[in-house]
Number of protein chains: 2
Amino acid sequence: MAKMVIMYEKPKDTEKFDEHYFNIHVPLGRKIPNIIKDSVHRVVDTQNTDLNLYLITVLEFENLEKLLEAFASPEARQAEEDGPNLFQYLDKPPIITILD
Amino acid sequence: MAKMVIMYEKPKDTEKFDEHYFNIHVPLGRKIPNIIKDSVHRVVDTQNTDLNLYLITVLEFENLEKLLEAFASPEARQAEEDGPNLFQYLDKPPIITILD
């Protein structure tokens with residue numbers, strides 16, 4: 001099972017971020033192929049870091065090959081192209097990790 | 001679904017860390033009640049951060065109440081007490097996030 005974990009720190013404007021994220025970005029992300037499961041989580045508590053984590057999204061794939069294939073798709077490009085619309089409400093882009 | 005995400009940066013001694021983590025710490029962690037699913041992942045790639053992420057463990061629980069109950073258990077205390085044995089191979093303790 002491979003995962004992509006996307007970690008957003010607290011937005012400059014949480015209301016506008018949430019609105020764009022849940023209404024526009026998540027639906028675009030859900031069009032990406034090969035995703036077995038996706039979950040969007042509020043961060044309740046964080047320890048041992050200065051990061052002000054706010055929201056973490058976990059995307060699950062059968063394996064790393066399926067994940068890489070997914071992110072080479074036109075649907076992934078469309079979701080990435082929406083990034084700047086979202087990033088305007090953030091101080092910095094989200095931390096993205098790919099896990100095998 | 002609530003999750004605990006534990007993020008380890010690259011250890012000072014990866015071999016000794018891995019040995020202790022997989023042989024001692026993970027089996028202790030698996031005794032903690034209420035865990036629906038656990039997964040330990042190697043970090044393949046990281047973007048938009050200076051963190052040198054190495055290993056990420058995700059623990060899943062039915063809900064936040066079950067998660068908090070789990071971490072108040074004697075089994076969780078035992079796993080926590082093993083922390084220092086593991087941390088000797090790290091520059092800093094892992095980032096821990098609790099997600100709802």
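Me: In this predicted model, is D18(A) buried or exposed?

Reply: Burial is read from the relative accessible area, and a residue counts as buried when that value is under 20%. D18(A) has a relative accessible area of 17%, so D18(A) is buried.

Me: Where in chain A is D18(A), and which residues does D18(A) contact outside its sequence neighbours?

Reply: D18(A) lies in helix α1 of chain A, which covers residues 14-29. Leaving aside neighbours within four places in sequence, D18(A) is in contact with N23(A), R42(A) and Y54(A).

Me: How should I read the nonpolar residues?

Reply: In soluble globular proteins, nonpolar side chains tend to be buried together. Here the largest nonpolar core has 23 residues. Those touching the most other members are M4(B), I6(B), Y8(B), F17(B), Y21(B), L55(B) and L67(B).

Me: Which elements of chain B supply at least two residues of this core?

Reply: The helices that do so are α1 (14-29), α2 (64-70) and α3 (74-81) of chain B. The strands are β1 (2-9), β3 (53-61) and β4 (95-99) of chain B. A second, separate core has 22 residues, including Y8(A), L55(A), L59(A) and I98(A).

Me: What does L67(B) touch, not counting residues up to four places away in sequence?

Reply: L67(B) touches A2(B), K3(B), M4(B), F61(B) and I98(B).

Me: How do I describe the relation between chain A and chain B?

Reply: Two copies of a chain are related by a rotation about an axis and a shift along it.

Me: Why can one say that the copies meet through the same surface?

Reply: Compare the interface residues of the two chains. Because 100% of the interface residues of chain B are also interface residues in chain A, the copies meet through the same surface.

Me: How many residues are in contact, and what area is buried between the chains?

Reply: The contact involves 28 residues of chain B and 28 residues of chain A. About 2,300 Å² is buried between chain B and chain A, and carbon and sulfur atoms give 60% of that area. There are also 16 residue pairs in polar contact between the two chains, with both residues at pLDDT 80 or more. On the side of chain B that touches chain A, β1, β2 (37-47), β3 and β4 each supply at least two residues. Strand β2(B) gives the most to that side, with 10 residues.

Me: How do I read a salt bridge?

Reply: Side chains of opposite charge can pair when their charged atoms come close. Over all chains the count is eight salt bridges. Two salt bridges are found across the interface of chain B and chain A.

Me: What about D38(B)?

Reply: The side chain of D38(B) meets that of R30(B) in a salt bridge, at 2.9 Å from N to O. D38(B) is partly exposed, with a relative accessible area of 26%, and R30(B) counts as exposed at 55%.

Me: Is S39(A) buried or exposed, and what does S39(A) touch?

Reply: S39(A) is buried, with a relative accessible area of 12%. S39(A) belongs to strand β2 (residues 37-47) of chain A. Its side chain makes a polar contact with the side chain of H41(A), at 3.4 Å. Not counting residues up to four places away in sequence, S39(A) touches I56(A), T57(A), V58(A) and K3(B).

How values were computed
Residues numbered from 1 in each chain as written. Chains lettered and ligands numbered in written order. Predicted model: local features only at pLDDT ≥ 70, side-chain atom pairs only at ≥ 80, totals over all residues. Heavy atoms only, no water. Helix = DSSP H or I, 4+ residues; strand = E, 2+ residues; numbered from the N terminus. Buried < 20%, exposed > 50% of the residue type's maximum accessible area, 1.4 Å probe, protein only. Contact = heavy atoms within 4.5 Å. Core = buried A, V, L, I, M, F, W, Y, C linked by side-chain atoms within 4.5 Å. Buried area = accessible area lost by both parts, 1.4 Å probe. Salt bridge = Lys/Arg side-chain N within 4 Å of Asp/Glu carboxyl O. Polar contact = N/O pair within 3.5 Å; in protein donor to acceptor, adjacent residues only side chain to side chain.
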